[in-house]
Amino acid sequence: MAASASAAAAFHLSDVLEGHSQDVRALVAVNADTFASASRDRKVIIWQRIVPGEPKFVQKSAFAGHEHFVNSLAYAPPSATQPLGLIYSGGSDKMVYAFDPNNTEEAVLSLAGHTDNVCVLAVGDNGDVISGSWDKTAKVWRNGKEVYELKGHAFAVWGVLVLGQDLYATASADKTIKLWNGSKNTATLTGHTDVVRSLVALPGIGFASCSNDGSIRVWNLSGETIAEYHGHTSFVYSLARLSTGEVVSSGEDRTVRVWNESGLLQTLTQPCVSVWCVASIPNGDIVAGGSDGFVRVFSRAAEPIASSSIPSNQVGDVDKNKLPGLEALNVMGTKDGQVKMVRVGNAVEAHQWSASQAQWIKIGEVVDAVGNSRKQVYQGKEYDFVFDVDVYEGAPPLKLPYNNGTNPYQAAQEFIDRNEIGQDFLDQIANFITQNTASVTIGAEAPSQYVDPFTGGSRYVPGGPSGSAAPYSAPAPQPAPAAKPTPSGKMIPMQGYSFFKTINFKAVLTKILQLNGEMEKSMDYSELSINADQERHLEKLIQNIESGKLGGFGAAEFKLLSQIALDWPEQYRFPGIDLMRVTVLYTKFPTQADSDFIGSILRAAGLPVEPSATLSKAQETNAMLAVRTLTNLFAQPDVLPVLYARREDLVSKTRHLIPLLAGNKNVRLAIASLYLNLIVLVGQQPGATLDDAFAVDLLETVSEMLQTETDGEALIRELVALGTLLSISSRRSAAVREAAGLLDVKAAVQGALKRTGQSESKLRQAEQEVLLLL
């Protein structure tokens, strides 16, 4: 690193480039007017200045030769054989391609050899190309041929560097940096306490490294740490060296940071969760790529080149009369990048604190700074409200847009997806919206009928109640034995099975890939993540499940699905369990491949639970999906004897969820459906008598559910289950009828509709049919 005369000038946003549809994972400069970006959308885009020397860029062309995510880029300068140089790209398809910046139609070189994702590339002054991979190796390529394989790291190689002729450096998830002469490891450098993510050369000094431990280290070529810098508050993903000698970094804390030998110069906060990559353009500009799919360009100038008018929704609702005047700028800022608004006459100005200059710098004027009665603009769209939501301590607030009349849970879920925050925030965010907006009636729907963008159910909790289970009357065609019709117009006794069938396959795949990406970044879970081949296999499997064509479902498919549903960490496995839920509707293979499949599903959900346990949101979701999976197993005739043999086990390992999750309608609906299917199965067993002990136990359990039920849909299941059990016992079990009297089941039934406050015709009919049996 070096200090320079130009270091005092601050960077400002000069352009925002939209072209990618997914995360931008790599950037590389070609010359002062051209650079390339790579994305998980499988494209490499070439960007070129509209006017040389001016700040604005336009998409020139795109290379689309990769079959999967593109995660790395490097540029080889012009040579005798390639007068325009070559752009190298690597991806999850294990390939490295090279193409002419002026001809992106096809690759001129294809480098194959890695057995996993190629996550980093670098090119040396001598033309050597070095690639790093999740396969724990780095490879050196010369004239299109592999000349060295660098083996020795225990985990993925995230950073590579050419230090000289046959001299290389590699950085790894094993927390070390290795130096190499040819393929010989000459030194192993330690110091970082977490994954080492990136390396950048510092001519005359050595190189710098960054890590998930939040630090940046400077090393000499002897392997000694000569400086260490701290400022990032989370993982640091990428480093680049500016033409001034300064270093720029980016990370998971939503920032791009500029450094010199004295320390932090400037912090540029980004409106995305992960700033995956940064690069330096020869004219001194910075380009940054983020998880929102945008590329942002930053330039040094006396004033921002981008518009200096800042909409008020970018800084929150503003009351001019309550803002301080210019005197507020006499007070020093508390941290680099802090923004303060001040009133200057009738205008409102935004100023940002520069720690390096120890002064406030004007970054623009706030326009439309009025009350919240006007529409506010967010990402080009108008909203009634745009809230600032503090989710991460120490991080800038996130923007939450909302229009009156919109489902609060839908707005909350879109906010969660956009910012990639924990699903546990859903209820809290939805309640925040409800409390801070005018009360609006959304049609005639009750809150339990909000559309779940993940499964088509009520919320973004997989498998919401609305529309998720087959209806009682005129059920849609199901992959199960044909249900025997009940007497005309009657709901009881139920003679067929109920299933949870609805699922949004595209959203499930997106969620699995998102969670897999999080695991890839984790030292604790990276080994459990699925690779690119498995992702492609999963995409094909989901297509087959969606079409109901699982004739080819075998060991490989079950292993992949089991890895996600059963082996992934508790907080990540829910979409896998949800896929397993639908899979068992169409194939019995899971129960053949795993002789204790029922036990495996119960264990995946942490069942049984202690009566006094406190469950996390992840545990609640997993439990609900596991119970729904068990319910769907009744679609397989060959599995019915196993389910009957384990009937007591199924009830004993799920009943404690009922009082623990009394307010979780999705869980209660799942349990009621499972018990209803068990009762139908019991009624189908041959013989003149019932298993009295089990039947009475189930009668008591369902009766207890009735006494605390507040959801109409779950109540219908419970009434039909109870009525079906009573109908069966009227012919085959005096003990059940006697127990119904002792338990005062009649009073529980009569009070059920009063507790729910609902009087829908099906509820009244189910109640009357049960009372007739009592």
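Predicted model: local features only at pLDDT ≥ 70, side-chain atom pairs only at ≥ 80, totals over all residues.
Residues are numbered from 1 along each chain as its sequence is written, and side-chain values use heavy atoms, with hydrogens and water left out.

**View A. The open sheet β2-β3-β4-β5.** Four strands form this open sheet in the order β2-β3-β4-β5, with antiparallel pairing. Strands (E, at least two residues) and helices (H or I, at least four residues) are DSSP runs numbered from the N terminus, and two strands pair if DSSP finds at least two bridges between them. β2 (24-31) and β5 (57-63) stand at the edges with a single partner strand each, so one side of each has no neighbour in the sheet. From one strand to the next, the twist averages 25°; angles run from 0 to 180 degrees between N-to-C directions, and axes are lines fitted to C-alpha atoms, for helices over the stretch in contact.

View B. Five of the five residues of β11 (residues 129-133) are buried, that is, under 20% relative accessible area, where exposed means over 50% and partly exposed in between (1.4 Å probe, protein chains only). Val129, Ser131 and Ser133 lie on one side of the strand and Ile130 and Gly132 on the other, and both faces are covered. β10 (residues 118-123) pairs with β11 in the antiparallel sense over five bridges, with Ile130 in β11 as the bridge partner of Ala122. The hairpin of β10 and β11 has five residues between the strands, and Gly127 in the turn has a positive phi of about 95°. Antiparallel pairing of β11 with β12 (residues 137-142) runs over four bridges, and Ser131 stands opposite Lys139 in β12. In the hairpin of β11 and β12, three residues lie between the strands, and Lys136 in the turn has a positive phi of about 75°.

View C. Six of the six residues of β24 (residues 255-260) are buried, so the strand is largely enclosed by the rest of the structure. Thr255, Arg257 and Trp259 point one way, and Val256, Val258 and Asn260 point the other way. β23 (residues 247-251) runs antiparallel to β24 and is joined to it by four bridges; Val247 stands opposite Trp259 in β24. Their hairpin has three residues between the strands, and Arg254 takes a positive phi near 70°. Six bridges join β24 to the antiparallel β25 (residues 263-269), where Gly263 is the bridge partner of Asn260. The hairpin of β24 and β25 has two residues between its strands.

**View D. Packing of helices α8 and α9.** The axes of α8 (residues 597-604) and α9 (residues 617-632) come within 8 Å and cross at roughly 160°. The two helices are therefore roughly antiparallel to each other; angles over 145 degrees count as roughly antiparallel, under 35 as roughly parallel, 65 to 115 as roughly perpendicular and the rest as oblique. Phe597, Ile598, Ile601, Leu602 and Ala604 of α8 make the contact with Asn622, Ala626, Thr629 and Leu630 of α9, contact meaning heavy atoms within 4.5 Å. In this contact, seven residues are nonpolar, two polar and none charged; Ala, Val, Leu, Ile, Met, Phe, Trp, Tyr, Cys and Pro count as nonpolar, Asp, Glu, Lys and Arg as charged, and the others, Gly among them, as polar. The loop between α8 and α9 holds Pro608, and the peptide bond from Leu607 to Pro608 is cis, with omega near 5°.

View E. Lys175, found in the loop between β15 (167-172) and β16 (177-181), has a positive phi of about 80° although it is not a glycine. Lys175 is partly exposed at 34% relative accessibility. Asp744, in the loop between α16 (734-742) and α17 (745-756), has a positive phi near 55°. The relative accessible area of Asp744 is 45%, and this residue is partly exposed.
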